[in-house]
Amino acid sequence: MEVEIRLGSVRYPFRLGTDCLGAIVEDLVAMSASRLLIVCDSNTGPLFGAELVERLSPRVPANLLIHRAGEPYKDLQAVGTLADSALQLGADRASVVVAVGGGVIGNIAGLMAALLFRGIRLVHIPTSLIAMSDSVLSLKQAVNACVGKNLMGTFYAPESVLADTAMLRSLPFRETVSGLCEVVKNSLAIRPSMVEMLRTSLRQDAVYDDETMYEIISESILAKASVTEDDMHECRAGLVLEYGHTVGHAIEYTAAGGLSHGQAIGLGMVVAAEVSHRLGHLDQEAVALHRELLTRAGAMVTIPEEVDLDEVMHRLRFDNKRGYLADPAESSAMVLLGGLGEPLWHDGRPLVSVPMALVGEVINEIACPEIPNFELVSPVETVEEGRVPDTVGAADG
Ligand SMILES: NC(=O)c1ccc[n+]([C@@H]2O[C@H](COP(=O)([O-])OP(=O)(O)OC[C@H]3O[C@@H](n4cnc5c(N)ncnc54)[C@H](O)[C@@H]3O)[C@@H](O)[C@H]2O)c1
């Protein structure tokens with residue numbers, strides 16, 4: 001399948017197939033790049049990057065650049081180090097940055113492509129469900145700051161997205177569930193017609209065949225496209241994609257890699273649904289549907305007790321939607337639903353100013369046990385042309 005992604009005046013093709021690595025290689029060769037800079041993380045490098053470089057190298061100069069896997073390493077330092085490595089390898093204006101990985105590598109490589117020579121070509125080869133069904137359908141390329149998520153970045157369009165659902169076969173349970181939480185978000189906040197399909201397709205063991213993945217991704221593309229087509233900067237209708245993200249980002253940042261992005265957003269949606277219910281907007285049935293779909297997808301619907309709730313409340317003050325609304329003091333701008341697929345609008349945006357005290361009350365009620373540990377380190381390894389890399393450190397999957 002090939003769809004044209006339309007974001008305002010920007011257009012780029014999204015090619016989605018199964019077992020189509022050969023076609024992806026041909027597409028990359030056809031770009032006549034002076035050099036292909038294949039950017040991977042320490043999981044996707046050995047899984048996909050090494051083979052890509054091996055197949056491309058006889059036909060076009062290609063290098064593998066590997067960054068440590070994980071959200072805690074999505075920062076400006078990563079972008080700078082990878083860009084320096086690319087320049088040392090001989091990158092020029094005719095080079096192409098190829099992001100082979102999940103949303104983290106997509107964002108790091110996207111920002112790197114935007115900055116190198118003030119902008120060189122970018123291709124996304126998404127390998128996680130979040131990347132395939134969500135992040136590559138956006139121009140947003142941001143990395144994290146010390147106080148919060150996605151606070152430094154820019155808008156930058158890829159030349160194309162080349163996706164192979166076969167790459168999802170190696171995705172760990174945690175990451176499949178993470179992607180499905182964002183898919184559930186799309187169904188609840190944008191495209192309720194997906195709900196029945198999800199009810200029958202979702203599995204708590206997160207084991208899916210290629211056909212089901214293909215259908216889930218295709219539906220998500222349609223959902224996201226419907227709100228971004230006329231809002232390329234995602235600052236009006238596209239803000240609905242931030243459903244669950246205000247509290248979700250604060251939880252994700254506080255958990256520092258202990259919870260996947262999608263899982264944190266899932267918890268953020270449960271909080272947003274309950275807040276909307278208490279404000280008299282969303283009915284109990286719709287609130288229950290949030291929990292049902294997330295549970296069917298294998299996600300948690302209670303905040304693990306190891307998440308520091310005071311820290312979550314503190315992080316809410318650094319949310320990246322601050323400034324859109326003239327928020328009264330002690331309030332937070334959130335996407336809330338009045339019904340399925342029906343966000344509440346205020347001042348031309350699907351955002352509502354919610355008292356922090358109410359958010360805190362709901363967060364406290366939705367909290368309970370269990371969160372895995374994480375470790376913090378951030379090296380970058382550059383691998384020479386055609387050489388198969390060693391894995392850098394442990395994965396966060
Ligand atoms: N730009 C946007 O609009 C946008 C939208 C959604 C999410 N995001 C960003 O995306 C990130 C989340 O994306 P993510 O969940 O893909 O995170 P990720 O890139 O960290 O990938 C999750 C984990 O899965 C591993 N992985 C990826 N593909 C794999 C495969 N095929 N087999 C085995 N392991 C694989 C990765 O190495 C990593 O450990 C967040 O930083 C979020 O802010 C951006």
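Helix α4 gives the most to the shell around the ligand, with 4 residues. Helices here are DSSP runs of H or I of at least four residues, strands are runs of E of at least two, and both are numbered from the N terminus. The model is predicted: local features need pLDDT of at least 70, side-chain atom pairs count only at pLDDT 80 or more, and totals for chains, interfaces and linings use all residues. Residues are numbered from 1 along each chain as its sequence is written.

Stay with the ligand. Of the 35 residues around the ligand, N43, G102, G103, S128 and S138 come nearest. A residue is near a molecule or strand if its C-beta atom, placed from the backbone, lies within 6 Å of it. At least two residues of the shell come from each of α2 (44-56), α4, α5 (129-133) and α6 (173-189). By class, the shell holds 17 polar, 11 nonpolar and 7 charged residues. Ala, Val, Leu, Ile, Met, Phe, Trp, Tyr, Cys and Pro count as nonpolar; Asp, Glu, Lys and Arg count as charged; the others, Gly among them, count as polar.

Domain 1 (2-170 + 379-383) and domain 2 (173-365) each supply at least three of its residues. These bounds come from an automatic or database domain assignment. The centres of domain 1 and domain 2, taken over C-alpha atoms, are 26 Å apart. Their contact takes 32 residues from domain 1 and 32 residues from domain 2. Two residues are in contact if their C-beta atoms, placed from the backbone, lie within 7 Å. On the side of domain 1 that touches domain 2, β1 (2-7), β2 (10-17), α5 and β8 (148-155) each supply at least two residues. The largest share of that side, 5 residues, comes from β8. By class, that side of domain 1 has 17 nonpolar, 10 polar and 5 charged residues.

Now the helix pairs. Return to α4 (residues 103-115), whose axis comes within 9 Å of the axis of α3 (residues 76-88), the two crossing at roughly 60°. Axes are lines fitted to C-alpha atoms, for helices over the stretch in contact, and angles run from 0 to 180 degrees between N-to-C directions. Helices α3 and α4 are therefore oblique to each other. Angles under 35 degrees count as roughly parallel, over 145 as roughly antiparallel, 65 to 115 as roughly perpendicular and the rest as oblique. A78, V79, L82 and A83 of α3 make the contact with I108, L111, M112 and L115 of α4. Those residues divide into 8 nonpolar, no polar and no charged.

Next comes α10 (residues 261-278), which packs with α11 (residues 284-296) at an angle of about 170°, the axes 9 Å apart. These two helices, α10 and α11, are therefore roughly antiparallel. From α10, G266, M269, V270, A273, E274 and H277 meet Q284, A286, V287, H290, R291 and L294 in α11. This contact has 6 nonpolar, 4 polar and 2 charged residues.

Last, α12 (residues 309-316) and α13 (residues 356-365) have axes that come within 11 Å and cross at roughly 145°. The crossing of α12 and α13 is right-handed. L309, V312, M313 and L316 of α12 make the contact with M356, V359, G360, I363 and N364 of α13. Their classes are 7 nonpolar, 2 polar and no charged.

Technical notes:
A crossing is left-handed if the near helix is turned anticlockwise from the far one by less than a right angle, and right-handed if clockwise.
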